[in-house]
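Let us take a walk through this structure together, one piece at a time. Please have the viewer open and follow along as we go.

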Amino acid sequence: MRLMLALLYLLSIAGLGAAEEQTMVIGYIGQQRKPALPLGPLDEAVADDGLQGARLGIADDDSTGRFLGQKFRLEERILAPAEAPADAVRQFADAGIAFVIADLDAGQLLQASAAPGAERMTLLNSRAPDDALRQQNCRRNVLHTIPSRAMLADGLAQYLVWKRWRRWFLLVGPHPQDQAMAAAFRRAAARFGAEITTDQPWTFRPANGRADTGHVTLQTEIPAVTQVSDYDVLVVADEADEFGAYLEGRTALPRIVAGTQGLVATGWSAVSEEWGATQLQDRFHRQAGRWMLPSDYAAWLAVRSIGEAATRLHSLDTAAIGKYIRGDAFLLAGFKGQGLTFRAWDGQMRQPILIAGPRLLISSSPQPGFLHQRTPLDTLGIDLEESTCKF
Amino acid sequence: MQVLMALLLAAFALAVPAAAETIYVSNEQDNTVAVVDGATMTLLATIDVGRRPRGLALSTDNKMLFVAEGDDNRIDVVDVTKRQLVGQLPSGADPEFFAVHPDGKRLFVANENDNLVSVVDIAAAKVIGTVDVGVEPEGMAASADGRYVACTSETTSMVHLIDAGTLELVDNLLVDTRPRATLFSPDGKQLWVSSEIRGTVTVFDTATHAQTGKIEFAVPGIRREGVQAVGMEMSRDGATAYVALGPANRVAEVDVKTLAVRRLYLVGQRPWHVALSADQRRLVSANGNSGDISFIDLENQEVVKSLPVGRGPWGVVIGP
């Protein structure tokens with residue numbers, strides 16, 4: 001009799017559980033990174049970029065979910081320097097996690113996508129802008145919410161061409177990422193009718209402008225480096241933020257700086273408050289105690305994509321969500337003025353590219369007049385006809 | 001003689017009925033409310049109000065104008081006769097839009113940053129209740145019988161139906177992406193919700209809460225993502241609705257019975273909200289990007305005038 005009662009009790013608990021809300025666990029893999037050397041006294045040192053965006057995405061998913069009986073949770077895993085992602089992927093796979101925010105550099109991301117268990121997952125790349133990940137190294141189980149370098153360069157190029165600043169002086173940093181960014185700028189110039197009048201590497205060691213009288217050195221160095229034939233705009237490729245900010249106000253000719261510093265082409269910026277972004281920025285700042293960075297925004301987009309699909313489907317069925325996100329009905333509101341979708345040919349999220357100044361938003365691309373047979377958003381980045389991606 | 005004069009004056013007043021009409025427009029970027037004479041279609045006055053004014057509405061007796069000041073976390077009260085600020089009401093944080101309850105005593109305010117609807121007692125100047133809703137509440141409407149209040153939440157993509165008496169959530173209905181405005185039909189039988197990002201209007205039956213229709217807007221020469229549905233207004237007889245289409249620079253006229261789009265009016269850039277005149281013959285749109293309002297003559301089906309009113313016109317209401 002007692003046993004019977006106990007069994008009945010267990011059954012009733014199980015029954016209750018089924019009627020209660022369901023939980024979707026989303027994985028997050030980040031990696032410890034060497035903090036960037038702050039270039040100026042106003043720069044914030046940030047150790048949790050990306051992660052905070054994913055957390056806000058969960059909070060936003062949850063606030064819709066509570067009306068639908070859906071709960072969301074983030075399972076966080078930060079890789080130590082040089083740690084391979086395979087273990088984390090396997091643990092997530094064993095736990096039945098189907099969606100993982102991959103806040104990883106390109107190499108780590110490719111390892112993660114090939115790790116055992118990853119074939120049953122969708123990895124959402126919120127960090128690596130490498131065009132190769134959308135081209136020859138594209139993967140069926142990877143979607144990208146961070147814009148590619150090609151998208152950033154195209155967004156900037158459209159604005160500069162719209163301004164009729166067509167003659168560019170391209171200055172390229174020493175790292176492979178800078179070379180890749182420069183390649184994207186060259187491609188964009190050719191696509192949109194700009195001309196690179198001077199193309200040269202930055203060969204100086206990163207100076208420390210914050211040393212006492214650091215400005216004195218820079219005031220003599222920068223004019224020497226920028227003494228080139230006339231141009232309209234200095235386009236700089238310096239992703240590590242080592243020297244680009246030293247250029248403004250110091251060039252030999254009085255010209256503006258754009259690219260990775262100056263007028264910055266980016267997926268997100270703290271200066272954006274249009275299209276309702278004020279609320280997103282406020283929510284983020286309240287949660288994280290700092291401004292939202294592009295990697296935060298990309299991670300937020302990734303988590304929100306899953307939540308949006310779950311909302312529309314009234315279901316946490318992972319296979320259905322994965323299909324819905326990649327389908328034609330999917331549309332995510334991302335505070336950039338229009339709905340965001342994923343490109344079927346390479347898994348890249350279509351999105352406007354912000355052109356941000358240091359204190360205010362300057363513009364947003366695509367620019368008026370750049371037309372496309374499908375959507376103007378496909379004027380940014382690698383288009384269907386150019387894609388070499390084969391899943 | 002005096003009687004004659006009075007009679008003449010009365011006759012003159014009757015001959016120009018639109019003279020009694022005044023249009024109020026909130027200028028989001030100027031921190032002002034523009035006051036426009038309906039008869040002459042000219043700017044009468046510009047009133048300085050708080051920071052980032054958006055939602056605005058008249059009191060039920062038409063004597064006061066309430067203006068939501070998003071960046072000042074309050075609602076300003078403007079005496080429409082004196083055309084000046086005479087008071088303030090608390091609103092909760094970041095009020096964007098609000099509805100005046102038909103009882104004339106309460107405002108229901110969407111607090112965009114706090115995921116709340118605040119209920120404000122106008123006479124006591126106090127927040128007397130709050131309702132938890134989804135992320136970024138925006139559109140607000142009250143049913144004519146005063147039983148229900150509806151609130152959209154932009155990021156949650158829902159319309160929340162609130163019992164105006166108990167302040168309890170009656171239902172949460174999923175709608176298309178980034179809902180903006182909501183309205184009850186005058187007979188209270190339908191609830192309309194516009195979606196900015198999907199560019200649609202969803203129609204619900206208020207008795208069953210079932211979705212009964214969806215309106216899509218095709219604008220020749222403009223791509224799907226350039227057509228976004230925002231502010232709405234429905235005629236008093238419940239036969240016709242008007243929907244501002246944001247970046248498509250159009251206002252759509254919709255047959256409420258068939259949900260067919262009858263025609264599109266080309267107005268200024270980025271219309272946010274629209275308002276109908278008391279005689280239902282004229283519609284005014286507030287055009288955010290071109291800094292003007294458009295007057296639409298609904299009988300002759302044409303836009304008759306654009307009038308610059310300030311920077312960032314957002315909300316518009318028409319009073320006596």
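This is a predicted model: local features need pLDDT of at least 70, side-chain atom pairs count only at pLDDT 80 or more; totals for chains, interfaces and linings use all residues.

If you want one pair of residues to look for, take Val36(B), whose bridge partner in strand 3 of chain B is Leu43(B). The two strands form a hairpin with 4 residues between them, and in the turn Met41(B) has a positive phi of about 55 degrees.

Strands pair in a sheet through backbone hydrogen bonds, and the pairing can be parallel or antiparallel. In chain B, an open sheet is made of 4 strands in the order 4-5-6-7, and its pairing is antiparallel. Which strands stand at the edges of this sheet? They are strand 4 (53–58) and strand 7 (84–90) of chain B; each has a single partner strand, so one side of each is left without a neighbour in the sheet. On average, neighbouring strands here are turned by 25 degrees against each other, with direction ignored. Within the sheet, strand 5 (residues 64–69) and strand 6 (residues 74–79) of chain B pair in the antiparallel sense over 6 bridges.

Now step back to view chain B as a whole. Its secondary structure consists of 1 helix and 28 strands. Along the principal axes, the C-alpha atoms of chain B fill a box of roughly 65 × 50 × 35 Å. How does its radius of gyration compare with that of a compact globule? For 320 residues, such a globule would have a value near 20 Å; chain B has 19 Å, which agrees. Of the 320 residues in chain B, 52% count as buried. Turning to contacts in chain B with a separation of 6 or more, 42% of them are accounted for by residues 24 or more positions apart.

One more residue of chain B deserves a stop. Glu136(B) is located in the loop between strand 11 (126–132) and strand 12 (137–142) of chain B. Although not a glycine, Glu136(B) has a positive phi, near 60 degrees.

Asp241(A) sits in the loop between strand 8 (233–237) and helix 8 (244–247) of chain A. Because it has 17 C-beta neighbours inside 10 Å, Asp241(A) counts as partly exposed. Elsewhere in chain A there is a cis peptide bond, which joins Ser365(A) and Pro366(A) with omega at about 10 degrees. Pro366(A) belongs to the segment after strand 14 (361–365) of chain A.

Chain A is divided into two parts: domain 1 (2–147 + 270–351) and domain 2 (150–266). Their centres, taken over C-alpha atoms, are separated by 33 Å. To the contact between them, domain 1 of chain A contributes 8 residues and domain 2 of chain A contributes 9. On the side of domain 1 that touches domain 2, the residues are 5 nonpolar, 1 polar and 2 charged.

Next, look at Ala277(A), in helix 9 of chain A. Ala277(A) is buried, because 22 other C-beta atoms lie within 10 Å. Leaving aside residues up to four places away in sequence, Ala277(A) touches Ser272(A) and Phe335(A). Ala277(A) and Arg205(A) are 72 residues apart in sequence, and 38 Å apart in space from C-alpha to C-alpha.

Our last stop brings the two chains together. Here 13 residues of chain A are in contact with 19 residues of chain B. Helix 2 (51–68) and helix 9 (277–288) of chain A each supply at least two residues of the side that touches chain B. Helix 2 of chain A gives the most to that side, with 4 residues. By class, the residues on this side of chain A divide into 3 nonpolar, 8 polar and 2 charged.

Methods
Residues are numbered from 1 along each chain as its sequence is written. Chains are lettered from A and ligands numbered from 1 in the order in which they are written. Two residues are in contact if their C-beta atoms, placed from the backbone, lie within 7 Å. Ala, Val, Leu, Ile, Met, Phe, Trp, Tyr, Cys and Pro count as nonpolar, Asp, Glu, Lys and Arg as charged, and the others, Gly among them, as polar. Domain bounds come from an automatic or database domain assignment. Two strands pair if DSSP finds at least two bridges between them. Axes are lines fitted to C-alpha atoms, for helices over the stretch in contact, and angles run from 0 to 180 degrees between N-to-C directions. A residue is buried if 20 or more other C-beta atoms lie within 10 Å of its own, exposed if 12 or fewer, and partly exposed in between; C-beta atoms are placed from the backbone. The radius of gyration is taken over C-alpha atoms; the globule rule is 2.2 Å times the number of residues to the power 0.38.
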